Amino acid sequence: MVHRLEHLVVRHALRLPAPEGPAGDGGVAARQFDATLMSVGFKLSAPLLERLSGLAEAAVLDIAVRTLAVVRELVGDHVRHNTYFIDFPANVPDTLDFWMRCIREALADDATRADTLEQLSSGVMNLLTLPSYGRYRHTYTEMLGHHDELIAAAGDRMTVLHLGGDARDEIGELYLKLAGSRTPLSEDHLRDLDALAAHCVDGRRPEEIPVRENRAVINRARLRADPGAELLLDTVTDVLRLACALADGDVSLLEPTRFGKLSRPTRRALLAGLDAVVAAVPAKLADVPAHREAWKRLGERLHPHEYPRWPHAAQVFAVARGEQRVRSFASRTEELLGRGDVPGAVHLLGSAPGALMRSVDRLARSAGTDEEYETVLTGVEKALPRVSGRVLLSVRRHLLNRGDRLEQQGARRVFVNRRGRAWVTDDTRPALPEAVKERLTALLDAEIARRAPVSGPVLVDPDFLDVALPLSDKAVSSGLGVLPRGSVSPVEGELLRFFVYWKQKRERTDFDLSAVILDEHYEQVSWLSYTQLTAVEGRHSGDVVEAPHGASEFIELRLGAVRGSFVVPQVLVFSGEGFMDVEESFFGFMLREHEQKGRPFEPRTVRMKSDLRGPGRVALPLVFQRADDGSWRAHWLHLCLRGMPSANRVEETRVTVEALARGIVEREQLTVRRLLGLLPDAEVTLWDGESVPEGPVTFMGMRRPEGLHPGSRVLTPENLRDVIPE
C-alpha cells in the first residue's frame with residue numbers, strides 16, 4: 001500500500017521517499033535512471049543519487065520505473081503527441097489552400113464525390129464530411145521521422161527530485177498537510193486526500209481541519225473504517241457534506257448529489273451527529289434552508305421518524321420541509337441594513353466575525369455619519385483576531401482594488417466563482433471614504449503581519465515575488481509549474497508553443513486550440529486557430545476532430561513577431577464531451593530557441609502543464625503580456641467559460657475574452673512581494689540563483705535549490721498555501 005501512495009509524494013513535493021531495498025552496487029543503474037530523467041527535464045539530487053547507488057540494481061530499476069511514470073505524467077509525456085501536419089511548425093499550408101486540397105481529394109474519391117458536389121452547389125461546405133480533414137494521415141512514428149533531435153540548451157527546464165524521508169513518514173506528513181490546508185483544495189488534490197485519509201485513518205490526526213470539504217472526506221474515511229468512530233461535526237452542513245461524500249457526490253454542495261441506499265449503521269451515525277449538533281446550538285438550524293432540497297432528498301434515505309431518540313435531528317428535516325420556521329443569520333442582517341440600522345447589523349455580525357469581515361464594504365457604504373463609520377471600524381478591530389487568515393487576505397485583496405480607479409467612468413468588476421466561471425459587470429458602487437479605507441487597510445495589515453507564518457532570514461527567488469497568495473485552489477488543476485490565479489511569472493525564450501491533449505471516452509470529441517492576439521487596449525489584432533492556420537506571429541499544427549486514441553494540437557508563436565501586447569490561448573470544445581467528461585485532457589506550454597529544433601512535444605522544454613477539468617466549454621488557462629522593455633510574462637487566469645453547447649469558435653468569444661483579460665491583468669493581487677513587505681522584521685535577501693547561505697533560512701522560490709541547510713523551511717508553488725495565516 002505504501003508503494004501505491006509514494007507517487008503522491010513525488011507529485012506534491014517533488015521528493016522521492018527514501019528508497020529501500022537490499023544493499024548492492026546500483027551505481028550504474030542509478031546513473032542510467034538519472035540520464036533518463038534528464039531527457040524529460042528532471043534529475044536526481046546528489047543525496048538521492050548516492051542513496052540509490054547503494055542499493056541492488058534490481059531495486060533501483062523497480063524504483064526508476066515507478067518514478068519515471070509519475071514525472072512523465074507531470075509534464076504530459078505519458079502519451080504520444082502526434083500532429084496533423086507532419087512537419088509542424090514547418091510547411092503549414094495557407095488555410096484556404098489546405099481546405100481546397102481536402103475538397104479536391106474528396107472529389108477524387110468515388111465514395112464522397114456526390115455529397116461533396118451537392119454541398120458545393122449549395123455554397124456551404126461542411127469540412128467534417130471531407131475524408132482527409134481532421135484525421136491523422138500518418139503514424140506517430142512516421143511523424144518522428146520528420147523531426148531532428150532536440151539540441152540541448154541552457155534554458156531547458158531541469159527539475160530536481162530530492163531525497164525524502166521514510167515513505168510512511170512522508171505519506172503521513174502529506175496527509176496532514178492536505179487535511180490541514182487553510183484553503184480549499186482542487187478536485188485532484190481532494191481525491192488525493194481521500195486516498196491518503198483511507199491509508200492514515202489509524203495514524204496521526206490533524207490538529208485542525210479548517211476547510212469543510214476536507215472534513216467531509218476525512219469523516220468518510222473514519223466512518224468506513226469504524227461505524228462508531230468519532231466524527232468532526234460542528235454544523236448541520238458538515239453532516240450533509242459527509243452524506244454527499246458517502247454517496248460519491250459533490251462535497252462542495254455546488255452540484256446536486258444522488259443519495260443511494262444507506263446502511264443502518266451509517267444512518268445511525270448521521271442522525272446521531274445531526275442530533276448532537278442541533279442539541280448543542282439550536283440556532284444552527286438556520287443553516288438548513290440554504291440546502292433545503294438536498295436535505296429533503298437525504299431525509300428520504302435516513303428515515304428520521306424511525307429514530308425517536310434523536311428528536312433534534314428530526315427538526316432538521318422539519319425545517320427543510322417548511323414545517324418549522326427559522327430565521328437565517330443572513331435574513332436578520334438584511335432586515336437591519338434594510339432599515340438603516342448599521343450599529344445593529346455590526347452588533348449582530350459580531351457573533352460571526354467571518355461574516356462581518358465579508359460584509360465590511362457594504363457596512364461602510366451603508367454608514368452615513370462619523371459615529372456609524374467608527375462603529376464599523378470598532379467592530380472590525382474586535383473581530384479581526386477571530387477571523388480566519390484566508391478571510392483576512394481576501395478582504396485585504398478586495399481593498400487593493402477599491403481605489404480611485406473604480407470612480408473612473410466605465411469601471412468594471414470581474415467575478416470568479418469557485419468553479420472558475422467568470423463574468424464582468426459595471427461597477428456601480430460608490431467609493432469608500434479614503435480615511436475609512438486607510439484605517440481598514442492598516443488594521444488588516446497589522447493583523448496579517450502579526451499572524452504571518454514567515455519569520456527569520458528569508459531567501460527569495462526574484463521570480464517568486466509576483467506569485468499571488470493561493471486563497472483557493474478550487475479552480476486550479478494539478479500539474480507542473482502551475483501558479484495561483486493572478487500570479488505573474490517571466491517568460492524567457494524565442495518560441496512559445498502551446499499544446500492541448502485530449503482523449504474521448506464515449507463519443508467523438510473535438511477540442512480546438514486557439515490563440516488571440518490583443519493590442520494594448522485589449523482589442524483583437526489577429527488570431528490563430530483551425531480557421532487561420534498561419535499568421536505573422538506563428539503557426540497552428542492543424543485541426544484534429546476526433547480522439548479515440550488521444551489527439552494533440554499545437555500553436556507556435558515567435559514572440560518577437562507578435563504584433564500586439566497580449567496573447568490569450570484558449571481551448572474550446574467544438575463538439576462531444578466536455579472537460580469533465582473526457583477520459584483525459586490537459587494544456588501546457590513550452591519555451592525554446594529557434595536553433596533547438598526537436599519534436600513538436602519535447603518534455604524538457606515544458607514550463608507548465610495542467611489538467612483541463614472545468615465545468616464550461618471554453619478554457620482560458622493564462623494570458624501572456626509584453627512588458628514595456630519588450631520582455632514577456634504570463635498572467636495566470638484559470639478560467640472556464642460556459643460557452644455554447646457546441647461549435648465554440650475563437651471568433652465568437654472575442655468580447656468576453658477581451659473583458660476578462662483586462663479585468664484579471666489590471667486587478668491588484670496580494671502577492672509574495674506584498675506579504676514580505678508587511679514583515680518589517682524579516683531579513684529578506686534576493687537569491688542570485690546559485691549560492692545558498694550556510695545557516696537555516698526560509699526559502700521562497702519556484703523550485704527548491706540544492707545545498708540548503710537541513711533546518712531550512714522551503715516554500716514553493718506546491719506548498720505555498722502554508723503561508724496563509726491561521
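**Exercises on a predicted model**

Gly 76 follows helix H4 and has a positive phi, near 85°. The model is predicted, with local features requiring pLDDT of at least 70 and side-chain atom pairs counting only at pLDDT 80 or more, while totals for chains, interfaces and linings use all residues. Residues are numbered from 1 along each chain as its sequence is written, and side-chain values use heavy atoms, leaving out hydrogens and water.

**Exercise 1.** State what span helix H4 reaches from its first C-alpha to its last.

*Solution.* Helices are DSSP runs of H or I with at least four residues, strands are E runs of at least two, and both are numbered from the N terminus. H4 covers residues 57-75, which is 19 residues. The expected span is 1.5 Å times one less than the number of residues. H4 reaches 27 Å, close to the 27 Å expected.

**Exercise 2.** Identify the strands that pair with S3 and their sense.

*Solution.* Pairing requires at least two DSSP bridges between two strands. Strand S1 (residues 15-16) runs parallel to S3, joined by two bridges; Leu 16 has Leu 163 as its bridge partner. Strand S2 (residues 42-44) also pairs with S3 in the parallel sense, over three bridges, and Phe 42 stands opposite Thr 159.
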